[in-house]
Amino acid sequence: MELPLGRVIEQVSKEKQIDRDVVIEAVESAMVQAARKMLGAERQIEAQYNQDIGEVELFEIKRVVDEVIDPLSEITLETARKSYDPEAEVGDEFLAKLPRSDFGRIGAQAAKQAIIQKVRDAEREIIYNEFKDRKGEIFSGIVQRFERKNIIVNLGRTDAILPEREQIPRERYRQGDRIRAYIYDVDLTAKGPQIILSRTHPNLLIELFRQEVPEIYESIVEVKAAVREPGGRAKIAVVSHDRDVDPVGACVGMRGTRVQAVVQELRGEKIDIIHWTEDPAEFVCRGLAPAKVAKIILDEDEHSMEVIVPDDQLSLAIGKKGQNVTLASRLTGWRLDVRGESEADEEVRQSRASLTGVPGVSDVTAELLMQHGFKSAEEISLSPVDALAEVEGLDAERAAAIIEAAIPHVAEVKVLEAEAAVRAEAEAIAKAEADALAKAEAEAEATRALEEGLALEGDPAADDSGVVLDDEAAPAADEAAVAAQETPPAEEATAAAEETPPAEGDKA
């Protein structure tokens, strides 16, 4: 028949999924702590679980000595041979069993608390070791609750946190919703294992494709890189290790079923699947898709590329809020400068004009200098001779001569530019003053007109047309107005003349 303590150990082991020996060790350790708390920390006490009687027995270590100084930990040789072993010798150690009645209720309570704490610590350590090895996997859980703007997700045996920074913007969850997230980090804290989830990590995208695309799971297709603007757009570069397998087609799937499954999981996030290549320029061209690239100028020293696209493709290459070029830059690892053809042509024209302005620099030399990255006369004037001598067709002597000619030329250009700037500033000031003066005059004229209008409205001598008449002219004007009203119109006068019978003299 199993004794109560044994059943408790078995039950705790099953419920907490903790090894039975670990639980027994926790019980023994807790009993030792409780005993030392009751009897004294200096006592050398050991605990052993006795399966036969179903109890934890406590023993105190006693050392055999010639003369007892500490009666709690030392015994004489005579006592040792009498009580423990007839063949005992000085220096031997024996375990003296402690009576359970010495602990009392307080000791039992302390032992209980210690056991609970030990079991809890063991459970935390087991959970930590379990999830530590699952770091980088996708895990599914239930939204438990919300703490501020963080989401607490129940993973079954423990809870995990989905911080606000790891949530996809505009993605909303309710309590009880199922959520799939990437285990971003696992840390062991004083409160137990802390599991941090992420919905924005690029590896979430890779793991989702690994689940949906068997070719990726079987390592036939390899994901070389993945970048995301969570909730907006993502780019993933893939390559196939089997010439018969199209990596992009494998990720897209029949009628797009595979990629659509990933898109739905990411709440409509657009995904560009790109065929990876070792050629960095070609990789950048593919990374900027769907925009078409006209020309790429690569600078390996600066690890950057100047990308020239047709003017009608510029907005497409840059994308909304620079999203497309930003993702392409992060995907390829190159710093990209995207410009339209007209802007690039204008810059080339200005560079050629600046370089050919240096005495001794022909059009051909200017073209060679531009191919080596020199874009202005000032850059030549500041360049060391060795760097300029690397240009094809230029030796050290010619390079030194060009630099020597460029220095005064640049100084002269700067003087001219400063004078032009002063003139432009003076013209701007004069124009501003003229505009201000004209504006003041216009306002003054408007003010005068307004004042005259108000004066006419208040003058009783003004007629309906606003004309002011003096005292002598007013009566005459009134008579003229009355006569004008009494005089019939010209048409009426003509009609009256036709109705009037003609005189006899008129008939003859």
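Guide: A crossing of two helices is right-handed if the near helix is turned clockwise from the far one by less than a right angle, and left-handed if it is turned anticlockwise. In this predicted model, the crossing of H5 and H8 is right-handed.

Visitor: At what angle do the axes of H5 and H8 cross, and within what distance do they come?

Guide: The two axes cross at roughly 140 degrees and come within 9 Å. Angles over 145 degrees count as roughly antiparallel and those from 65 to 115 as roughly perpendicular; H5 is therefore oblique to H8.

Visitor: Which residues of H5 and H8 meet?

Guide: From H5 come Leu205, Leu208, Phe209 and Glu212; from H8 come Arg258, Val259, Ala261, Val262 and Glu265. Sorted by class, this contact has 6 nonpolar, no polar and 3 charged residues.

Visitor: How do helix H9 and helix H11 pack?

Guide: H9 (residues 280–287) and H11 (residues 323–332) pack at an angle of about 145 degrees, and their axes are 9 Å apart. H9 passes H11 in a right-handed crossing. On the H9 side, Phe283, Val284 and Gly287 meet Asn324, Ala328, Leu331 and Thr332 of H11. The classes here are 4 nonpolar, 3 polar and no charged residues.

Visitor: Let us turn to single residues. Is Arg199 buried or exposed?

Guide: Burial is judged by relative accessible area, and a residue under 20% is buried. Arg199 has a relative accessible area of 0%, so this arginine is buried. Arg199 lies in the loop between strand E9 (192–198) and helix H5 (202–212).

Visitor: With which side chain does the side chain of Arg199 make a polar contact?

Guide: The partner is the side chain of Glu171, at 2.6 Å.

Visitor: Where is Arg339 found, and why does Arg339 count as buried?

Guide: Arg339 belongs to strand E15, which covers residues 335–340. Arg339 counts as buried because its relative accessibility is 7%, and the cut-off is 20%. Beyond its neighbours within four places in sequence, Arg339 is in contact with Glu306, Val307, Ile308, Val309, Leu314 and Glu347.

Visitor: What does Ser354 touch, not counting residues up to four places away in sequence?

Guide: Ser354 touches Ser376, Ala377 and His409. Ser354 and Val410 are 56 residues apart in sequence, while their C-alpha atoms are 9.4 Å apart in space.

Methods. Residues are numbered from 1 along each chain as its sequence is written. This is a predicted model: local features need pLDDT of at least 70, side-chain atom pairs count only at pLDDT 80 or more; totals for chains, interfaces and linings use all residues. Side-chain values use heavy atoms; hydrogens and water are left out. Contact means heavy atoms within 4.5 Å. Helices (H or I, at least four residues) and strands (E, at least two) are DSSP runs, numbered from the N terminus. Buried means under 20% relative accessible area, exposed over 50%, partly exposed in between (1.4 Å probe, protein chains only). A polar contact is a pair of N or O atoms within 3.5 Å; within protein, one must be able to donate a hydrogen and the other to accept it, and residues adjacent in sequence count only if both atoms are side-chain atoms. Axes are lines fitted to C-alpha atoms, for helices over the stretch in contact, and angles run from 0 to 180 degrees between N-to-C directions. Ala, Val, Leu, Ile, Met, Phe, Trp, Tyr, Cys and Pro count as nonpolar, Asp, Glu, Lys and Arg as charged, and the others, Gly among them, as polar. Angles under 35 degrees count as roughly parallel, over 145 as roughly antiparallel, 65 to 115 as roughly perpendicular and the rest as oblique.
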